[in-house]
Amino acid sequence: MDQPEKTPQPPVEPPEPTKPTAEEVAASGATPAPAGVVPKGMMRIDLHCHSEASADCRTPLAAFPGRCKARGITVQAITDHNEIWGAQQLQEMTLGSELTVIVGEEVSSRDGEIIGLFLREKIPAGLSAEETVERIKAQGGLVLLPHGFDPLKRYRLTRLALERIAGQIDIVESFNARISRPTWNRTAAQWADERGLPKSAGTDAHTLAHVGEAWVQTPERPIRTPEDLLAALGEGTVMGEWTHPALAFVQKLWDMGRRRLMGA
């Protein structure tokens, strides 16, 4: 007797993100704020996020406009791993809309990860930190240091490389929502303050649910150029919600499995 075909079942739903304790918030260096509630005359900027163009993320590009609007994000940098096609496509999709998309790339240099913003061409992986920075600058782009002080980040920029390119860094990510311990964000903020560098926030989101969990809140203005962005960050306040990276990793695996099952 033929057995009925089994209907594929989606992976078990992961646990909901836990809210950080008061001590963790205090240590993170970020100011908490209600999601999606943006004061009049203000805007929110996230400079570190992934899309389906990253090998370890399946968030559809088409989902970003609605999610960013729901979370109050006005300026979203898409910084996929060693790719810019996703950011370029989303930028074209949102032309004339209220969402500004910055084309970025989280470049895997042989010395660790470096983010380039306002790029026109993809920067290849495997270059030295100096070569990577040189190629970002050659495009008129900005160099952003992501999660550079978390010793548990597998692909963090090495300390020696950081020392070599310190003078070429334009922005320091002082709040990463996926950092292993919130205190590393404070270390990054202190490093930026000592050098007079603007600070940024990044969700480092690899799932749609995490988009919009970190931002810089700053007075409204058009962001068309690197100079516009630097000016906005200089007047901004870093805000966000931290999720333990182990939980974020489980949620990412679940999301990727669910979307594969759905053929998305």
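This report covers the sheet, the cores and selected residues of a predicted model.

## Basis of the values

In this predicted model, local features need pLDDT of at least 70, side-chain atom pairs count only at pLDDT 80 or more, and totals for chains, interfaces and linings use all residues. Residues are numbered from 1 along each chain as its sequence is written, and side-chain values use heavy atoms, with hydrogens and water left out.

## The sheet

An open sheet of 9 strands runs in the order β7-β6-β5-β4-β3-β2-β1-β8-β9. Its pairing is mixed. Helices (H or I, at least four residues) and strands (E, at least two) are DSSP runs, numbered from the N terminus. Two strands pair if DSSP finds at least two bridges between them. Strands of a sheet pair through backbone hydrogen bonds, either parallel or antiparallel.

β7 (199-202) and β9 stand at the edges. Each has a single partner strand, so one side of each lacks a neighbour in the sheet. The twist averages 30 degrees from one strand to the next. For such angles, axes are lines fitted to C-alpha atoms, for helices over the stretch in contact; angles run from 0 to 180 degrees between N-to-C directions.

## Helices on the sheet

Helix α3 packs on the sheet and touches β2 (75-81) and β3. Contact means heavy atoms within 4.5 Å. The direction of α3 makes about 180 degrees with that of β3.

Helix α4 lies across β3, β4 (112-117) and β5. It runs at about 5 degrees to β4.

Strand β8 spans residues 214-219. Of its 6 residues, 5 are buried, so β8 is largely enclosed by the rest of the structure. Buried means under 20% relative accessible area, exposed over 50%, and partly exposed in between (1.4 Å probe, protein chains only).

β8 runs antiparallel to β1 (residues 42-46), joined by 4 bridges. It also runs antiparallel to β9 (residues 237-240), again through 4 bridges. Val-216 takes part in both pairings: its bridge partner is Ile-45 on one side and Val-238 in β9 on the other.

## Nonpolar cores

A nonpolar core is a set of buried Ala, Val, Leu, Ile, Met, Phe, Trp, Tyr and Cys residues joined through side-chain atoms within 4.5 Å. The largest one has 38 residues. Ile-114, Leu-157, Ile-169 and Trp-191 have the most contacts inside it. The elements giving two or more residues to this core are α2 (64-71), α3, β3, α4 (129-138), β5 (142-145), α5 (159-165) and α6 (183-195).

## The aromatic pair

The structure holds 1 aromatic pair. Rings of Phe, Tyr and Trp (its six-membered ring) pair if their centres lie within 6.5 Å; planes under 30 degrees apart count as stacked, over 60 as edge-to-face and the rest as tilted. Phe-149 and Trp-191 form a tilted pair, 5.7 Å centre to centre, with 55 degrees between the planes.

Phe-149 sits in the loop between β5 and α5, and Trp-191 in helix α6, 42 residues apart. Phe-149 is buried at 6% relative accessible area. Trp-191 is buried at 9%.

## Loop residues

Glu-98 and Leu-99 both belong to the loop between α3 (85-93) and β3 (100-109). Glu-98 is exposed, at 54% relative accessible area, whereas Leu-99 is buried, at 7%. Not counting residues up to four places away in sequence, Glu-98 touches Lys-69 and Thr-74. With that same exclusion of residues up to four places away, the contacts of Leu-99 include Pro-65, Cys-68 and Ile-73. The C-alpha atoms of Leu-99 and Ile-73 are 7.6 Å apart, at a sequence separation of 26 residues.

Glu-241 lies in the loop between β9 and α8 (245-262). It is buried, at 16%. A polar contact of 3.2 Å joins its side chain to that of Arg-71. Such a contact is a pair of N or O atoms within 3.5 Å; within protein, one must be able to donate a hydrogen and the other to accept it, and residues adjacent in sequence count only if both atoms are side-chain atoms.

## Positive phi

Phe-118 is not a glycine, yet has a positive phi of about 60 degrees. It is placed in the loop between β4 and α4 and is buried, at 15%. Asp-204 also has a positive phi, near 55 degrees. Asp-204 is found in the loop between β7 and β8 and counts as buried, at 5%.
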